[in-house]
Amino acid sequence: MSFAALMLHVDVDGELGGEVRIAADLAGRLDAHLIGVAGWAPMSVFLAEEVREQPTSAPHLNDMRTLLEQKGGELRAALKASGRAVEWRAMLDFPAAVIAREARAADLVIVGRDRRSADPFRSLDLGQLVLSAGRPVLVVPPQQTTLPLRRAAIAWKETREARRAVYDALPLLRIAQSVVIVDVREAGDEHGPRSTHDLEQYLRRHGLEVVTEQARRAEVTVTDTLLHVIEAENVDLLVAGAYGHSRVGEWIFGGVTRDLLRRLPICGLFSH
Amino acid sequence: MTYATMLVHFDGGGISEQRLRLAAGLAQDFRADLIGIAGRSYLPTFLADGGTDTSEDSERKETAELLARIGTRFEAVARNIRRREWRGRVGYINELIVAEARAADLVIVGRERDPGDLYFALDPAAVILRAGRPVLLVPAGVDKLETRRVLVAWKDTRATRRAVRDALPFLRTASHVMIVEVCEPGSEMRSQHQIEDVSRYLQRHKVEVAVKAFLQTAASPAQELLRFAEDEKADLIVAGGYGHSRLGEWMLGGVTRSLLHDSPRCCLFSH
């Protein structure tokens, strides 16, 4: 159940980000197969009318395919130095839809956090991806180019999403040098210390040795408390449940998840 | 990585004891730890007529004794598992089992209640949708599971992608893995492409897929899957557990519900 295949998203816009190096490095450490993926949805006739453009025409579709292939070439070139082969999958569809579907072929999805374009047809909708992939998503903040895994933190809460995140993160937690469970309690949270002891036991049964616990009262917000611990403890990976739901066909993140995603200065592994 | 810990719902009755035997067998095969769990809640005072403090006290005592008796039985049946743990708790079983799932990699529950068991309140739907772990559903009368022949019910959805990955420990030890999709006419090509892709994914996890097929039916997809499972003598069906919460109630999707109610074989559901 380790990670045998990793899927890396390549943005249609801008330069390749630090997530490429992180993905190559992880693939090396885990001896995993690497799959690059990109998506760009053709604008429908219906939507195109407003901007008075031709409905997506065949030459235009060919241009799109060419750009996607070019991105694949860039990725291959960037990975050449690492000596790792990469499989390339590009499709004319919304990036989040493409990745979620293709995620059947991988154990972990790796994406850069920031969007280079506001165009929803070519810009990744992170909420939709995390909530619909059925795989953990490693979100890499801008400028981050390494994931040393010296210290990982689990943002613990007695919920399905947090339980899922822990289970999904096991292959990364096992190669981390140490793990800290951060139990951030908000007013109304009833679970006692038994919950985190239990989790610690669970992790030990999977061979994790250095596990510590920290119970914190939420300071200003849950995110503030987590960021505080991350800094004080030199954490380089946060494992957290991603909360959200689908409303009228749109996937919407919960408040804490959105806030955390925006402000997290390190890599985050999110599961729903 | 494998299933290091399994959590089984055991509440003392005969059906439940068969399930515990199955769980103990699995724990032995996977060299996993086994946690047994039961929950009993008190009747709310307003239901117990003329309820006084004394009657509540005696009920409390009775509940504690009952849970201890079930625990003793758990210890006896699971005695071959060196690392086992009993968790008999006062509380609603659905809430308990979902929260305690944090301690395990696989949750094992049943769907039928024992005759005369008035307290049975386990709702498999709530467990499947809320545990955040794969849930093995054991039909009554099944007390052994050797997962040699495993059938994966493929569908291009989040829940099925989850189920495939969650089932890896079973798939890796199986000798005959089958992936099938019940698909609509016209979608055979897509189905075939996806099943090939999943097979390659499984290959990277050292799982060889013996049978790849798509089925078509005018009747119910669940019945078609069950028929295929019967013909192929599958030991286990792996499927996505679809559903959502409506007004605080946990509702399963159609195929999941039929599999859950009608399957004479064990099913592994992930949400």
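Mentor: Start with the largest pocket, where helix 9 of chain B gives the most to the lining, with four residues. Keep in mind that this is a predicted model.

Trainee: Which other elements of chain B each supply at least two residues of that lining?

Mentor: Besides helix 9 (254–262), they are strand 7 (176–182), helix 7 (188–204), helix 8 (221–231) and strand 9 (236–240) of chain B. The volume of the largest pocket is about 520 Å³. Its lining counts 29 residues, and those closest to the centre are K155(B), E181(B), V182(B), P221(B) and V255(B).

Trainee: How many of the lining residues of the largest pocket are nonpolar, polar and charged?

Mentor: The lining divides into 13 nonpolar, eleven polar and five charged residues.

Trainee: Next, salt bridges. How many are there over all chains?

Mentor: The search of the whole structure finds 50. Take one within a chain first: E74(A) pairs with K71(A), with the closest N and O atoms 3.4 Å apart.

Trainee: Why are E74(A) and K71(A) separated by about one helical turn?

Mentor: The general idea is that an α-helix has 3.6 residues a turn, so residues three or four places apart point the same way. In this case E74(A) and K71(A) are three residues apart in helix 3 (residues 58–80) of chain A, and therefore about one helical turn lies between them.

Trainee: Are the two partners buried or exposed?

Mentor: Residues under 20% relative accessible area count as buried. K71(A) has 4% relative accessibility, so K71(A) is buried. E74(A) has 29% and counts as partly exposed.

Trainee: What does a salt bridge between chains look like here?

Mentor: R87(B) and D198(A) form one, at 2.6 Å from N to O. R87(B) is in strand 3 (residues 84–90) of chain B and D198(A) is in helix 7 (residues 193–205) of chain A, so the pair joins two chains. Both R87(B) and D198(A) are buried. A second pair is R205(A) with E85(B), whose closest N and O atoms are 3.7 Å apart. This pair also joins two chains, because R205(A) lies in helix 7 of chain A and E85(B) in strand 3 of chain B. E85(B) is partly exposed, at 27% relative accessibility.

Trainee: Which residues do salt bridges that share partners join into one network?

Mentor: The network holds E158(A), R163(A), R194(A), D198(A) and R205(A), together with D33(B), R83(B), E85(B), R87(B), R89(B), E100(B) and R102(B). Away from that list, R162(B) and D168(A) meet in a salt bridge at 3.0 Å, N to O.

Trainee: How many salt bridges cross the interface of chain A and chain B, and how much area do the two chains bury between them?

Mentor: Twelve salt bridges cross the interface. The buried area is about 3600 Å², with 45% of it on carbon and sulfur atoms. In chain A, the residues that lose the most area to chain B are M1(A), R104(A) and R205(A), together 25% of what that side buries. The contact takes 40 residues from chain A and 44 residues from chain B.

Trainee: Finally, how should I read the packing of a helix?

Mentor: Ask which residues are buried, then what covers them. In helix 8 (residues 222–232) of chain A, V222(A), T223(A), T225(A), L226(A), L227(A), V229(A) and I230(A) are buried. Their cover includes strand 6 (151–156), strand 7 (178–185), strand 8, strand 9 (237–241) and helix 9 (255–263) of chain A. After helix 8 of chain A comes N234(A), with a positive phi near 55°.

Trainee: What does R216(A) touch?

Mentor: R216(A) sits in strand 8 (residues 211–217) of chain A. Leaving out residues up to four places away in sequence, R216(A) touches V182(A), D183(A), V184(A), R185(A), T225(A), H228(A) and V229(A). R216(A) is partly exposed, with a relative accessible area of 21%.

Conventions:
Residues numbered from 1 in each chain as written. Chains lettered and ligands numbered in written order. Predicted model: local features only at pLDDT ≥ 70, side-chain atom pairs only at ≥ 80, totals over all residues. Heavy atoms only, no water. 1 Å grid on protein atoms, 1.4 Å probe; cavity = no way out; pocket = protein on both sides within 12 Å on 5 of 7 lines; lining within 4 Å. Points joined across faces, edges and corners; volume = space filled by probe spheres on them. Nonpolar A, V, L, I, M, F, W, Y, C, P; charged D, E, K, R; others polar. Salt bridge = Lys/Arg side-chain N within 4 Å of Asp/Glu carboxyl O. Buried < 20%, exposed > 50% of the residue type's maximum accessible area, 1.4 Å probe, protein only. Contact = heavy atoms within 4.5 Å. Buried area = accessible area lost by both parts, 1.4 Å probe.
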